[in-house]
Amino acid sequence: MWARAAEAALAREPGHPRSEEQSIASTIVESRLGPVRQTYSGTKEFPPLTKAYTELSQVVRESGLLVRTPVFYSVVAGAIVLGFAGCVTAFILLGDSWFQLIVAAVLGILFTQVAFLAHEAAHRQIFASGPANDRLGLLIGNGIVGMSRSWWASKHTRHHANPNRVDKDPDIEIDTISFLDVDAAKARGVQRWITQRQGYLFFPLLAFEGINLYVLAFRHLFSRGEVKGRWGEIALLTLRHALFIAPIFIFLPVGLAFAFFGVSVAVFGIYMGASFAPNHKGMPIIEPGAKLDFFSKQVRTSRNVSGGWWATWLMGGLNYQIEHHLFPNMPRPHLSKARAIVREQCATLDVPYVETTLFQSYGIVIAYLNRVGLAARDPFDCPLTSPTRQLNVE
C-alpha cells in the first residue's frame, strides 16, 4: 500500500523531475533467463564535482551552524529524565496490571530517544570536547540503551565514509534482510522465503531488532578482536540489563514480566529501524570501484524526510539525513537551517536533492526491498508466468 501510494504521489506531482527514487540506480529488471540483476552507480553516472563541498562548508561554517547548542541538549535530556521518572512511578503504582504494557511501550520510546543522543555524542555534536562526547556516548549508549559504543562507532563510521557502497557500507550487508540482489540470490530455506517477501516483512522483523542489537553488543565485546575499553563496556551493559530486567521479574508475575520485556524491546527495535530505514534504502547503490567526490557521494545516496520540527523530534534529527552526512558534527537544531544552504548548492550544481514525506519514504523502502527480494526466486521459473517482466518506479 505504501509502495503504491509513494509511486502514485511522485508521478502525480506536477513538474516533478525524475528523482533518484524514480530512476533508482539500483533498479532491478527481471530477466527471462535467470535471477534479476541490480545495476550500480559510479563515476560515469555521477561525475565528480570539484570544490562543491569546500564552498558549501565555508558558507555553513561562516553561518555559525557548527557551534554547539548546550541549552537545547540540556532541555532534551531533562525531558527524557522526566519521562523515565514517570515510567518508574507508573510501574510502582500500577503493580500487577496489564496496563504495565503501556509503560513498557513508553520505555521503548525513551530508550530510542536516548539512542539518538548517543548517536549525536558519537558524532561529537553535543560537547565541543571530543573526550566529553565519548564519555557521554559510553554512559548512555551502554549504560541506558544497552548497545555497545565501540561496535556502533566502528560500524557507523564505515557507513558515513561510504554510504550505500558495495563492500564498504556495513548497513547494506546481508543480515536477515538482503539489500543487494547478489545476497538475495544466495538465500536458501526459511531465509529464502523471508527474502522473497522481505519488503512486506521489514517492519514486523524490526520488532526483533532490539534483541539483535543487544546480542551484537555482547558478541562484539566477547570477540577475539581488539576492543578498547572492553571490560568497562561489558560492566556497563551488565549493570544496565540487571537494573532493567531484575525489577520486572521481581515485581511482576512471570507472564506479565515477559510481556513487559517483549513490548519494550519490540517498540525500541521498531522505532530505531523506522527512524534509520528511510535515510538510504532505495537510494542509488554505488559500485565498488567508483571514485566519487564527497559532496556527490553523500547527497546522492541520502534522502531527507519532510515535516519540520515534529519530524526532527520524532527521528532525532535523522530526517535531515543529507545535511547530517555532509556535516556529521552539526548539532540537531542547526540542521534545518543548513537545509536551505544545501538545497541552493544542489540547485546550482544540478544535483538532485531528494526529500519525501515519512510515509512515502516507507513506501519506497518496501518497494525497493521487494524488488531486491525477486532475486531469491527460482531462476528456472517460467518467465511467461510472471505478471510483471520489468519492475521500475515510474
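**Close-up 1. Arg124 and Asp134 in a salt bridge.** Arg124 has a relative accessible area of 38% and is therefore partly exposed, and in this predicted model the side chain of Arg124 meets that of Asp134 in a salt bridge, with 3.1 Å from N to O. Because Arg124 lies in the loop between α4 and α5 (130–145) while Asp134 belongs to helix α5, the pair ties together parts that are ten residues apart in sequence. Asp134, at 22% relative accessibility, also counts as partly exposed. Salt bridges that share partners join Arg124, Asp134 and Arg149 into one network.

**Close-up 2. Lys155 and Asp171 in a salt bridge.** In this view the side chains of Lys155 and Asp171 meet in a salt bridge, with a distance of 2.4 Å from N to O. Lys155 sits in helix α6 (residues 149–161) and Asp171 in the loop between α6 and α7 (181–184), so that the pair links distant parts of the chain, 16 residues apart.

**Close-up 3. Glu120 and Arg332 in a salt bridge.** The structure holds five salt bridges, and one of them is formed by Glu120 with Arg332, whose closest N and O atoms are 2.6 Å apart. This pair links distant parts of the chain, with Glu120 in helix α4 and Arg332 in the loop between α15 and α16, 212 residues apart. Glu120 counts as buried at 1% relative accessibility, and Arg332 counts as buried at 4%.

**Close-up 4. His334 and its contacts.** His334 is placed in the loop between α15 (321–326) and α16 (335–349), and with a relative accessibility of 11% His334 counts as buried. When residues up to four places away in sequence are not counted, His334 touches Gly64, Leu65, Leu66, Val67 and Thr69.

**Close-up 5. Gly108 in helix α4.** Gly108 is found in helix α4 (residues 100–122) and, at 0% relative accessibility, counts as buried. Leaving aside neighbours within four places in sequence, Gly108 is in contact with Ser264, Val267 and Phe268. The C-alpha atom of Gly108 is separated by 9.1 Å from that of Ile270, although the two residues are 162 residues apart along the chain.

**Close-up 6. Helices α10 and α12.** The axes of helix α10 (residues 209–221) and helix α12 (residues 254–276) come within 6 Å and cross at roughly 90°, and the two helices are therefore roughly perpendicular to each other. On the α10 side, Glu209, Gly210, Ile211, Leu213 and Tyr214 meet Phe261, Val265, Phe268, Gly269 and Met272 of α12. By class, this contact has seven nonpolar, two polar and one charged residues.

Key
Residues numbered from 1 in each chain as written. Predicted model: local features only at pLDDT ≥ 70, side-chain atom pairs only at ≥ 80, totals over all residues. Heavy atoms only, no water. Axes fitted to C-alpha atoms, helices over the stretch in contact; angles between N-to-C directions. Helix = DSSP H or I, 4+ residues; strand = E, 2+ residues; numbered from the N terminus. Parallel < 35°, antiparallel > 145°, perpendicular 65-115°, else oblique. Contact = heavy atoms within 4.5 Å. Nonpolar A, V, L, I, M, F, W, Y, C, P; charged D, E, K, R; others polar. Buried < 20%, exposed > 50% of the residue type's maximum accessible area, 1.4 Å probe, protein only. Salt bridge = Lys/Arg side-chain N within 4 Å of Asp/Glu carboxyl O.
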